[in-house]
Amino acid sequence: QPHLGKMVTSLGIVDLDQGKHWIIDATPDFKDQWQYLKEHWNTELAGVFLTHAHMGHYTGLMQLGREALGGDRVPVYAMPRMRKYLESNGPWDQLVSLANIDLQSLQSDSAVALGSQLSITPVLVPHRDEYSETVGYRIKGKVFSSLFIPDIDKWEKWELDIREEIMKVDVALIDGSFFQNGELPGRDMSTIPHPFVTESMHLMKGLDPIQKSKVHFIHFNHTNPLLQEQSEAYTVVMQEGFQVAKQGTVYPL
């Protein structure tokens, strides 16, 4: 149904003082997301930060190619394997050879300054890393910090404790791809090892209400009932003290 349509998960970082914005992940909806930030905030694209080489997270880079926008050395920040993948495989290597994009190297846990009081730091997370490593990002502004993890395998596979990471930030935007097991009929969901929202809520049930309220579930598969505010699942998440992210939400930095 058209009225239920949502864009693929992405996060924009806007610095009004500099008149710039950055986008985390070049999704299949990249051109619309870029245009929204440009028009809504009157800012120019200053770079793209990639999380990993899965379809919903980097394929929008094609919009920067000669057949589309024809980008001029748009900074694209990538981890080592992600960078090598783009440099070594078509059609992405053409973006590099034609200087539509300018690849910038990232290192895990090494901050990149975007402004005098604005920085972003990649953090490695376990995921299905067929072509690249996978990262989430910590974003720190003047008075506000956030954690963005759109994709991760089960929380117990991570060397860090998500509960402790939540306590370090003001908002945690985390993988909520699937609400519960069995959501994909006919498919073995153990081969798609995202943390179910039900699992995440159980893991975090001991957090106090303030910490729980920081958690915003994101990155919903089309089967996820959290896409519908009238669903029982949506009510359960809210009653448990967590949040469901909405398209267009603004978090001040």
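Student: Let's start with Leu 173. What stands opposite Leu 173 in β11?
Tutor: That's His 216. Strands here are DSSP runs of E with at least two residues, and helices are runs of H or I with at least four, numbered from the N terminus.
Tutor: Heads up, this is a predicted model: local features need pLDDT of at least 70, side-chain atom pairs count only at pLDDT 80 or more, and totals for chains, interfaces and linings use all residues. Residues are numbered from 1 along each chain as its sequence is written, and side-chain values use heavy atoms, with hydrogens and water left out.
Student: Okay, and how do β10 and β11 pair?
Tutor: In the parallel sense, over four bridges, with β10 at residues 171-175 and β11 at 215-218. Two strands pair if DSSP finds at least two bridges between them.
Student: New topic: what's the order in the five-strand sheet?
Tutor: β1-β2-β3-β4-β5, open and mixed too. β1 (11-15) and β5 (101-105) are at the edges with a single partner strand each, so one side of each has no neighbour in the sheet.
Student: Which residue of β3 does Trp 22 face?
Tutor: Gly 47 stands opposite Trp 22. Five bridges join the parallel strands β2 (20-24) and β3 (44-49).
Student: And which strands does helix α1 lie across?
Tutor: Helix α1 (30-41) lies across β1, β2 and β3. Contact means heavy atoms within 4.5 Å.

Definitions and conventions: Axes are lines fitted to C-alpha atoms, for helices over the stretch in contact, and angles run from 0 to 180 degrees between N-to-C directions.
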